[in-house]
Amino acid sequence: MSMLGIQWTSPMMLILLPLLLLPWFTHNQDKTVAWTSFVPVDSLSNVIGMGLKLLASAVIASLVITLAGPYMPEQKVERVGSGAEVVILVDRSRSMDDPFSTRGKALAVNRTVGKGDSKRRIAKKYLMEFVNKRPDDRFGFVLFSDKSLDLLPLSYNKESIRQTINASALGKGLSETNIAKAMITAAEMYSQEDYRGSRTVLLVSDGGQEFSEENKQKIAEMYKRENLTLYWVYMRSTTGLSLQEEGEGDSWKNTPEKRLHSFFKGLGVPYKVFEIESVKSFSEAIDTIDKQESQTLIVDEIIPREIKTAPFFILAMITMMLLVFAQFYTAWGVRKAYE
Amino acid sequence: MSENKKRQQDEFSYRYPHKVYGSLPGVHQGKSLGTGDSFAGFSDLFDYPDPRRLDLRATIRDNMATGNDNYLVKRYQQRSPITLWMMADLSRSMAISNVNHEQLANLTELVAHSAVGLGDRFGLAGFDSGLRHDVHMMPTRQRSMPLIAADMIRDAGPATTAGVDGLIHAANMITSKHAIVFLASDFCCDINVIDKALRQLSRYTVVPVVWQHDDVNHLPSHAGWTEMCDSETGERRSVWMRPSIKKRWKQTMDEHFEQLTACFMRHRVRPLFTDGDVTGEQLTNYFLGRK
């Protein structure tokens, strides 16, 4: 049984619908008077009487309808939006628990798991903002330390990505870091899907790592095949350690971060690195990504089953309150008449 | 009921305003000649051979004046009985809350008891939309009759159809020569019917006993939604009570009773308004106020 796409949980209840005629036939409030000719004929009263009966019918009808339980069944809607598919890779190593914005300070030694200024929490905050800004994006989430955990496969559900980001900021970090594995996981995530539009991998980490030759090859091949764009949000911990400085006398040349950077550059896929020194630069990085990644995208939206009883309950409640008010007023009037 | 019987039955005294003609002796001023206390003239002893009533002074004076040789006897007007009729409205509107058959029965018993006590006859004619044959009694002087009449009304079933058109038929039933007619009703009906009935009863002395309903039985609410059904026809009328409606209602009702009073005035009838039991004292005062 359906009407306007509405379906009923228990359509048999609609058999009760003729009950809405009840108010038009009951006369249980009749009072016998000696002679009705004394009672004036009043058109306003007729209108009010009609209105009260309609209200009573409306109450019964809406209650019966709520009993029958109308709902919109789950629907899949395909629409064209602008955005991207983003897999977020977040480093879950212990160094992410360090405080952020270390400019001019020595490397902090205290691990601030519960503090609001740990890198992990800053990252969480801005990732959340990023997610909120992009309603049409499809997000996946991977957490990695020495193993990668694909916490959330690519999904349109904004609520689940938000909760995943929230949850990722809880607890303590783990010791190891294995970026290569995480990157492979992200690429695998995409390889299971049809190509829909812009595909992005957003790597959030605070350190680099030397990849093995085998991994390098695999990553290069997969990223090219899946047509991915790579963003590296590098949360710098130590002042002066910049990826860009390519001078001859660069004593940091062989740090893992720099090697990783040069590997990414030579990968042959669109790549951009954001060196985050402060909270402000993080938000700028997020904004830049936001601007760049807005291609046309076919979005599959699943509208979940929706129970439509609420408006009927509200209607029933409001009309019932009106009727109750009229009833109390009448009762008061009768009592007054008998005084 | 038992207490009622132990208690002495209330009664009232009444006078019939006209002279009654009838052969039977009663208490009301009569026109027929016979034993009585009001002098009605002289007559020849030969015509009325009653030597006890011989008036020698009148005889001598008459003989001297006329030269005849007659004996005159005094003649008197005999007191005669009348009939008291009770026309009881048994329509449905007479059976709601403060106006009910019990009160009507009490009134009937009161009238009947007083009538029989004075040697008058009592007749009962119940009516609703037609004549009520189960509440009907031709004029009688039986001593047991007041209770029987009252029980007739108490046992009367509700009216089968609406209306008081039986009033006309009941008026036709009254054929006594001299009668006081008690017309007990709430008079919540068409004035024309009452007018017509009163015209038919114009030979008699009519005492309309107007039972007034409480206001709540006319309009049972002060404010809010009120559904009403007519006690007679069952016709439904609903109003959203508010002061203006109340005013209009009051006006309509006052108008009706003004018209009713005017109708009574036209027929030289003085109504007795009541809203509960009618007592003997009330009726006595009514009749005293009459003369």
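Predicted model: local features only at pLDDT ≥ 70, side-chain atom pairs only at ≥ 80, totals over all residues.

Trainee: Does Leu201(B) count as buried or exposed?

Mentor: A residue is buried if 20 or more other C-beta atoms lie within 10 Å of its own, exposed if 12 or fewer, and partly exposed in between, with C-beta atoms placed from the backbone. Leu201(B) has 23 C-beta neighbours inside 10 Å and therefore counts as buried.

Trainee: Which residues does Leu201(B) touch, not counting residues up to four places away in sequence?

Mentor: Two residues are in contact if their C-beta atoms, placed from the backbone, lie within 7 Å. With residues up to four places away in sequence not counted, Leu201(B) touches Ala171(B), Ile174(B), Val181(B) and Val206(B). Leu201(B) and Ala179(B), for their part, are 22 residues apart in sequence and 9.7 Å apart in space, C-alpha to C-alpha.

Trainee: What does Val181(B) touch, leaving out residues up to four places away in sequence?

Mentor: Val181(B) touches Leu201(B) and also Trp85(B), Met87(B), Ile174(B), Tyr204(B), Thr205(B), Val206(B) and Val207(B), again not counting residues up to four places away in sequence.

Trainee: Which residues touch the most other members of the largest nonpolar core?

Mentor: A nonpolar core is a set of buried Ala, Val, Leu, Ile, Met, Phe, Trp, Tyr and Cys residues joined through C-beta atoms within 7 Å. The largest one here has 77 residues, and those that touch the most other members are Met87(B), Ile180(B), Val181(B), Phe182(B) and Ala184(B). The element that gives the most to this core is helix α3 (residues 101–117) of chain B, with eight residues. A second, separate core has 48 residues, including Val86(A), Tyr190(A), Ile219(A) and Tyr234(A).

Trainee: Where do Phe187(B) and Arg268(B) lie?

Mentor: Phe187(B) has its place in the loop between β7 (179–185) and α6 of chain B, and Arg268(B) lies in the loop between α7 and β11 (272–274) of chain B. Phe187(B) is not a glycine, although it has a positive phi of about 55 degrees, and Arg268(B), also not a glycine, has a positive phi of about 55 degrees. Phe187(B) counts as buried because it has 25 C-beta neighbours inside 10 Å, whereas Arg268(B), with 10 such neighbours, counts as exposed.

Trainee: How does one describe two packed helices?

Mentor: Two packed helices are described by the angle between their axes and the distance between the axes. Axes are lines fitted to C-alpha atoms, for helices over the stretch in contact, and angles run from 0 to 180 degrees between N-to-C directions. In chain A, helix α5 (residues 179–191) and helix α6 (residues 213–225) pack at an angle of about 25 degrees, and their axes are 10 Å apart. Angles under 35 degrees count as roughly parallel, over 145 as roughly antiparallel, 65 to 115 as roughly perpendicular and the rest as oblique, and α5(A) and α6(A) are therefore roughly parallel to each other.

Trainee: Which residues meet where α5(A) and α6(A) pack?

Mentor: From α5(A), Ala180(A), Met183(A), Ile184(A) and Ala187(A) meet Asn215(A), Lys218(A), Ile219(A), Met222(A) and Tyr223(A) in α6(A).

Trainee: How many residues does each chain give to the contact between chains?

Mentor: The contact takes 34 residues from chain B and 27 residues from chain A. On the side of chain B that touches chain A, β9 (224–230), β10 (236–241) and α7 (243–266) each supply at least two residues, and the largest share, seven residues, comes from β9(B).

Trainee: How many helices and strands does chain A have?

Mentor: Chain A has nine helices and 13 strands, and buried residues make up 31% of its 339 residues. Chain B comes to eight helices and eleven strands, with 38% of its 291 residues counted as buried.

Note on methods. Residues numbered from 1 in each chain as written. Chains lettered and ligands numbered in written order. Helix = DSSP H or I, 4+ residues; strand = E, 2+ residues; numbered from the N terminus.
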